[in-house]
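Please read these points with the sequence and the model open beside you.

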Amino acid sequence: MACQETSEYYTIEDYSRIKKVDTHIHTSADNGAFEELAKRDNFQLVNIVVDTKDPQFVLDQYASRTRLKTEYPDVYEFITSFSVETWDDEDFVEKTIAWLDEGFEAGAVGVKVWKNIGMEFRDKNGELIFVDDPKLDPIFDHIEKRGKTLIGHLAEPKNCWLPLEEMIVNNDKDYFRDHQKYHMYLHPEMPSYEEQIAARDRMLEKHPNLTFVGAHMGSLEHDVDELAKRLDKFPNMAVDLAARIGQVFYQTIHDREKVRDFFIKYQDRLLYATDIGYGGKQEAEAFQAFAHETWMLDWKFFVTDEWMTSDRVDEKFQGLKLPKEVVDKIFYKNAIKWFKMFPGE
Ligand SMILES: [Zn+2]
């Protein structure tokens, strides 16, 4: 009989025993619920600031992230961000670098840029700015010089440019049905999916030594072959899986072996993440049940070969049953490496 300690695979029961990191969450809640669950489920969390609204919103998130990091140093690392609202100011670059340095002194392991770059923010001439804009180069150079990681949520899932009936996951159908403003299929005057991805790729070509984590599978979530091409081309690029596990399930329905081979081949470049957000309004127990369920489903998918269902896709799919060493990297070691986090572990 195989002894569990020497088995090549984890089981469902190993879930709370194995150290894990969710590298992409957003929380400002101060009721202790997220931290209590994280400790119970053996998760550490990377809490991300994001430039979604205005400069004050960045400051507010920054305040909550640093407070939580101080209060729960064993649970959290955090990632800072900067607002592009002052883009046209003469001292934009200088002030942004000074602001990021303040975050690094406070312990930020990286900087996030968001899809407002490329898809929303316009300069004083009314032009969209893109992530390969030369104005951003000194900022990215500085992040590299400080040994920090740039995380980019750039573009959107390819579904965003498709009609609802062609989208491959139900959560995107629901989201874009409710947020027509962001449904690019309805806005053909806006840049195409390919243009957004190309701008990101040009930025990476300019900064080959910058450590870059593409949030949401680098917006190449719909096709592991397309993602593999970028990972081959940019050795300093990794991706997180945040909010795109549905697309992984979808591809698994159609070609499980291909998806499994991809996860094994690129085991050093993939970071487990969910994009769970918690502001503290939802009742603690309900939130904990939701987050626990999300994490458990993903754990089951990666470690077992059981047949599973998810509300994100319409058909059943079989877990990938990845070897232990691959699971250890995706759920823990890659986070430590790509964000240089929790030093000393
Ligand atoms: Zn997010």
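1. Both faces of strand S6 (residues 211-214) are covered, since Thr211 and Val213 on one side and Phe212 and Gly214 on the other are all buried, a residue being buried if 20 or more other C-beta atoms, placed from the backbone, lie within 10 Å of its own, and exposed if 12 or fewer do. Strands (E, at least two residues) and helices (H or I, at least four) are DSSP runs, numbered from the N terminus.

2. This is a predicted model, in which local features need pLDDT of at least 70 and side-chain atom pairs count only at pLDDT 80 or more, while totals for chains, interfaces and linings use all residues. Residues are numbered from 1 along each chain as its sequence is written.

3. S6 runs parallel to strand S5 (residues 149-152), to which four bridges join it, and Gly152 has Gly214 as its bridge partner in S6. Three bridges join S6, again in parallel, to strand S7 (residues 237-240), where Val239 is the bridge partner of Gly214.

4. These strands belong to an open sheet of nine strands with parallel pairing, in the order S8-S7-S6-S5-S4-S3-S2-S1-S9, where two strands pair if DSSP finds at least two bridges between them. Strand S8 (270-271) and strand S9 (277-278) are the edge strands, each pairing on one side only.

5. Helix H7 (residues 193-206) has Gln196, Ala199, Arg200, Met203 and Leu204 as its buried residues. They lie on the same side of H7 because they cover an arc of only 135° around the axis, taken from the directions from the helix axis to the C-beta atoms. These buried residues pack against helix H4 (116-119), S5, S6 and S7, contact meaning C-beta atoms, placed from the backbone, within 7 Å, whereas the face turned away carries the exposed Glu194 and Glu205.

Technical notes
Two residues are in contact if their C-beta atoms, placed from the backbone, lie within 7 Å.
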